[in-house]
Amino acid sequence: MIVWERHEWPHWKTYDCGMAEFLRRLFTRGFDACPLSDASLWGEPSPKFVHWREEQRRWESGIDPYTGEPDPYFGMKFD
């Protein structure tokens with residue numbers, strides 16, 4: 001598995017596993033350090049995938065795509 005790390009050098013890092021194992025280790029903190037530039041999924045016990053189109057549909061409906069809760073700022077206009 002090869003991963004691009006935008007904040008590291010060299011940018012490309014190789015991991016001796018496939019995608020499924022990489023994701024399992026990411027979600028269970030199975031690496032010595034987070035292998036991604038963004039640690040929002042690092043150790044996430046209940047990861048969720050929302051396709052970008054479904055995410056957009058939910059936002060446009062006033063629903064937070066990841067929690068399913070109403071977006072309290074839905075319909076507000078900001079300058």
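E54 is partly exposed, with a relative accessible area of 25%; the term covers values between buried, under 20%, and exposed, over 50%, as computed with a 1.4 Å probe on protein chains only. The model is predicted, so local features need pLDDT of at least 70 and side-chain atom pairs count only at pLDDT 80 or more, whereas totals for chains, interfaces and linings use all residues. Residues are numbered from 1 along each chain as its sequence is written, and side-chain values use heavy atoms, with hydrogens and water left out.

E54 forms a salt bridge with R57, in which the closest N and O atoms are 2.7 Å apart. A salt bridge here is a side-chain nitrogen of Lys or Arg within 4 Å of a carboxyl oxygen of Asp or Glu. The two residues are three positions apart in helix 2, and about one helical turn therefore separates E54 from R57. Helices are DSSP runs of H or I with at least four residues, numbered from the N terminus. R57 is itself partly exposed, at a relative accessible area of 44%.

A further salt bridge joins the side chains of E54 and R58, at 2.8 Å from N to O. Both residues belong to helix 2, where a spacing of four residues places them about one turn of the helix apart. R58 is partly exposed, its relative accessible area being 25%. Through salt bridges that share partners, E54, R57 and R58 are joined into one network.

The structure holds three salt bridges, and another of them lies elsewhere in the chain, between the side chains of R24 and E21, with an N to O distance of 2.8 Å. R24 and E21 are three residues apart in helix 1 (residues 19-27), which means that about one helical turn separates them. R24 is partly exposed at 44% relative accessibility, and E21 is partly exposed as well, with a relative accessible area of 30%. Side chains of opposite charge can pair when their charged atoms come close.

D71 presents a contrasting case. This residue lies in the segment after helix 2 (52-60). D71 is buried yet has no salt bridge, and K77, the nearest side chain of opposite charge, is 12 Å away. For this assignment, Lys and Arg count as positive and Asp and Glu as negative, while His and the chain ends are not counted. Which residues does D71 touch, not counting residues up to four places away in sequence? They are W59, G62, I63 and D64, where contact means heavy atoms within 4.5 Å.
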